[in-house]
Amino acid sequence: MATSVGGSLVVSENAALAGITLSTLTQVGGDLVLDENHALIEVTLQALESIGGGLALNHNASLADLELAALADLGKLKIKETQALSGLTLPALLSITGGLDVTDNAALATLALPLLTSVGGDLKVRGVSSGHGALTSLAFPLLTGVNGEVAVTGNTHLTSLTLPALKSTKSFTLLGNTTLATVDLGALGTVGGTLSLQDNAAAQTLSLPALKSVSGSLYVIDNASLESLSLAALSAIGDALGVEDNPALSELSLLALKSVGGSWNFENMNEWLKSPKAFAPGTKMTFAGLSKAEDRANIMLYLNSQGSN
């Protein structure tokens with residue numbers, strides 16, 4: 001029996017196909033694609049150890065569960081609109097050299113990759129139309145690095161996100177996870193681009209105790225229940241800082257913040273002149289700001305008259 005496929009293995013658009021059994025297959029050199037097999041309910045790949053390209057499961061409407069117990073090496077993972085899929089378990093997977101994209105799988109309740117340590121591209125868990133209605137918790141306990149973007153968005157029943165070992169990522173977005181209450185990012189130290197925490201209505205506290213630098217912008221916006229935001233070790237933000245429309249926020253801790261970048265335009269200058277502490281929380285300036293718009297305008301006009309920069 002064949003144990004390897006040197007190129008890609010594609011099973012696509014087989015309307016009556018109910019089961020796939022490849023019990024001796026250990027390696028696929030290219031992509032493994034299961035696409036639009038609407039009657040497919042069972043896939044047996046218990047010996048599969050390596051996929052050189054990507055694993056793609058798309059539009060397999062009846063596939064309810066998939067476990068690849070031996071899979072340790074994978075190029076990339078994409079699971080999209082496989083609406084009956086309730087569980088995806090990859091207990092031996094150590095690394096993904098490309099990206100991980102799990103999007104719009106209405107019944108998905110379990111996404112288990114307990115040994116995953118690194119993702120070479122983006123890591124995206126997104127609910128688009130379905131909102132991943134059954135996914136209540138998401139945990140990657142050993143994941144230390146993501147070379148692309150982390151985006152956890154639109155998962156309307158997600159209550160906890162646990163990434164306790166994650167140290168760095170290119171950018172990080174938490175958006176529209178309306179029941180998300182618990183976020184563990186205790187080891188996150190650097191974000192190479194933008195960090196955005198937006199419209200997570202149930203989150204009451206957000207603490208990133210190890211975060212030291214955000215090279216892009218930092219936005220904390222429209223989190224209805226957020227009472228406390230602690231970024232105690234954060235010393236530098238490369239671009240803009242925006243903390244807006246968080247009506248319950250009563251505590252903001254940015255004790256180590258020394259610099260906020262961004263364009264020094266009229267809008268930013270106006271906000272700084274109005275209140276340096278609000279513009280750059282943690283600043284040690286004693287200047288309280290100018291409350292009158294006319295006074296601020298006069299200063300900006302004078303400074304602009306001294307040179308365009």
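Trainee: Is Asn105 buried or exposed?
Mentor: Asn105 is buried, because its relative accessibility is 0%, where buried means under 20% relative accessible area, exposed over 50% and partly exposed in between, with a 1.4 Å probe and protein chains only. This is a predicted model, in which local features need pLDDT of at least 70 and side-chain atom pairs count only at pLDDT 80 or more, while totals for chains, interfaces and linings use all residues. Residues are numbered from 1 along each chain as its sequence is written, and side-chain values use heavy atoms, with hydrogens and water left out.

Trainee: Where does Asn105 lie?
Mentor: Asn105 lies in the loop between strand 12 (100-103) and strand 13 (110-112), strands being DSSP runs of E with at least two residues, numbered from the N terminus.

Trainee: And which backbone atom of Thr82 does the side chain of Asn105 reach?
Mentor: The side chain of Asn105 comes to 2.9 Å from the backbone nitrogen of Thr82, and a polar atom of that side chain is 3.2 Å from the backbone oxygen of Thr103.

Trainee: Changing topic, what is the strand order in the open sheet of three strands?
Mentor: The order is 23-26-29, with parallel pairing, where two strands pair if DSSP finds at least two bridges between them. Strand 23 (205-207) and strand 29 (251-253) are at the edges, each with a single partner strand, so one side of each has no neighbour in the sheet.

Trainee: How many bridges join strand 26 and strand 29?
Mentor: Strand 26 (residues 228-230) pairs with strand 29 over three bridges, in the parallel sense, and Ser228 stands opposite Glu251 in strand 29.

How values were computed. Helix = DSSP H or I, 4+ residues; strand = E, 2+ residues; numbered from the N terminus. Polar contact = N/O pair within 3.5 Å; in protein donor to acceptor, adjacent residues only side chain to side chain.
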